[in-house]
Amino acid sequence: RYKKRQVACRGDIDRLNNPFLEIYESLIPAEEEKAKQKQLLTLLEKIVCKEWPDARLCLYGSCGNSFGFSKSDIDVCLTIGDEDINKSEVLLKLADMLQLDNLQNVQALTRARVPIVKLMDPSTGISCDICINNVLAVVNTKLLRDYAEIDLRLRQLAFIVKHWAKTRGVNETYQGTLSSYAYVLMCIHFLQQRRPAILPCLQEMKTTYSVTVDNVECSYFDQVESLIGFGSRNRESIAQLVWAFFSYWAYFHNYANDVISVRTGTILSKRTKDWTKRIGNDRHLICIEDPFEISHDLGRVVDKSSIRVLREEFERAAEIMQDDPNPCVKLFEPY
Ligand code: CTP
Ligand code: MG
């Protein structure tokens with residue numbers, strides 16, 4: 001059903017760099033927006049400390065990992081040292097306090113998969129979700145941010161891929177397509193695989209950062225300032241990389257056997273992960289290993305019908321990159 005095809009040479013590919021860079025620039029949040037996010041975080045810290053003096057607030061998700069678009073909501077994690085807290089009670093208490101401090105649309109969602117409090121800050125206009133003790137998310141946010149420091153092309157590629165996924169409707173986990181987190185990992189892995197490599201594999205290098213969270217040891221090399229320029233022997237432009245990324249997922253990825261793994265910087269086989277058959281709802285139709293929770297397949301949300309949607313979208317994007325004189329228009333056409 002899916003096409004196998006050799007990618008033809010496109011002589012004018014570098015002509016497409018500027019349009020892609022313009023899209024990237026238009027999506028980056030302005031400094032003043034970052035300042036407003038900090039302002040909101042400081043306000044929330046003040047409120048939280050009244051009740052829980054030892055608690056801390058950390059940004060996670062796109063506002064903390066440097067892959068956030070302008071005007072996006074922020075995700076905040078409240079860490080409370082005590083392991084035995086009742087999350088629902090804390091969230092309800094927190095919601096009360098936020099309401100008293102005049103935050104708007106305050107809502108505690110205690111039954112969600114990740115229980116949160118939602119709110120909107122009228123003075124900055126920013127909406128925010130607060131979760132509790134989701135430390136793994138804070139750590140994987142740092143990993144993504146650290147990778148982004150090494151080579152600017154990661155941030156550019158991931159912005160374009162996320163923008164494509166959002167406009168094409170394939171960034172909806174509840175409909176069986178992939179999370180933004182999964183797309184960024186796909187970009188990191190792809191850049192680890194280029195020859196010469198554009199990104200190293202931080203988890204295979206000397207450990208300079210290590211934390212143990214929920215019995216998962218998270219360690220990697222985080223002194224990334226020393227790795228700036230790592231990918232400079234590879235001169236591929238952003239347009240070439242976008243094209244190669246979509247071609248990889250359209251024509252070259254082996255969906256039957258392969259697992260992409262940022263943790264090892266390689267492709268693993270489904271056999272070695274024991275991801276060969278469906279268990280419960282995990283069908284493993286596209287396999288993306290979480291860098292720390294290595295039993296998590298971020299493709300687990302994908303089902304028999306959404307894998308078709310995804311693969312057809314990858315093919316569509318690859319074809320546009322191959323043939324279209326103005327790919328930036330069609331690539332981001334709303335579905
Ligand atoms: N996360 C995770 N495991 C998942 C999905 C998400 O640990 N299966 C955590 C990650 O820390 C991720 C954060 O939740 O950074 C937010 O995920 P997501 O909404 O997919 O990514 P964002 O970067 O916030 O993207 P967007 O700009 O679309 O909001
Ligand atoms: Mg988010």
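This is a predicted model: local features need pLDDT of at least 70, side-chain atom pairs count only at pLDDT 80 or more; totals for chains, interfaces and linings use all residues.
Which residue forms a salt bridge with aspartate 129?

Select aspartate 129 and lysine 118. These two residues form a salt bridge, with their closest N and O atoms 3.1 Å apart. Aspartate 129 belongs to strand β5 (residues 126-132), while lysine 118 belongs to strand β4 (residues 116-121); the pair thus links parts of the chain 11 residues apart. Aspartate 129 is buried, at a relative accessible area of 17%, whereas lysine 118 is partly exposed, at 30%.

Next, select lysine 50 and aspartate 101. A salt bridge joins them, and the closest N and O atoms are 3.4 Å apart. Lysine 50 lies in helix α2 (residues 31-51), and aspartate 101 lies in the loop between α4 (87-100) and β3 (104-109). The two residues are 51 residues apart, and their pairing links distant parts of the chain. Display the surface here: lysine 50 is exposed, with a relative accessibility of 63%, and aspartate 101 is partly exposed, with 32%.

Select arginine 153 and aspartate 151. Their side chains meet in a salt bridge with an N to O distance of 2.9 Å. Are these two residues buried or exposed? Both arginine 153 and aspartate 151 are buried.

Then select Arg10, Asp12 and Arg15, which are linked in a network of salt bridges. In the whole structure, the search finds 14 salt bridges.

Colour the chain by domain. Domain 1 comprises residues 13-27 + 140-331, and domain 2 comprises residues 31-136, according to the domain assignment. The C-alpha centres of the two domains are 28 Å apart.

Now turn to the interface. On the side of domain 1, 21 residues are in contact with 13 residues of domain 2. The size of an interface is often expressed as the accessible area lost when the parts come together. Here domain 1 and domain 2 bury about 1,400 Å² between them, and 64% of this area is on carbon and sulfur atoms. Select Leu27, Thr141 and Lys162: these residues supply 31% of the area that domain 1 buries against domain 2, more than any other three residues.

How many salt bridges cross the interface of domain 1 and domain 2? The count is 0.

To see which elements form the side of domain 1 that touches domain 2, select α1 (17-27), α5 (135-150), α6 (152-167) and β7 (216-220), each of which supplies at least two residues. Helix α6 gives the most to this side, with 7 residues.

**Last stop: the cysteines**

A disulfide is a covalent bond between the sulfur atoms of two cysteines. In this model the count of disulfides is 0.

Finally, select cysteine 328 and cysteine 187. Cysteine 328 is in no disulfide, and its nearest cysteine sulfur, that of cysteine 187, is 15 Å away. Cysteine 328 likewise counts as buried, at 16% relative accessibility.

Technical notes
Residues are numbered from 1 along each chain as its sequence is written. Chains are lettered from A and ligands numbered from 1 in the order in which they are written. Side-chain values use heavy atoms; hydrogens and water are left out. A disulfide is a pair of cysteine sulfur atoms within 2.5 Å. Buried means under 20% relative accessible area, exposed over 50%, partly exposed in between (1.4 Å probe, protein chains only). Domain bounds come from an automatic or database domain assignment. Contact means heavy atoms within 4.5 Å. Buried area is the accessible area (1.4 Å probe) that two parts lose on being put together, summed over both. A salt bridge is a side-chain nitrogen of Lys or Arg within 4 Å of a carboxyl oxygen of Asp or Glu. Helices (H or I, at least four residues) and strands (E, at least two) are DSSP runs, numbered from the N terminus.
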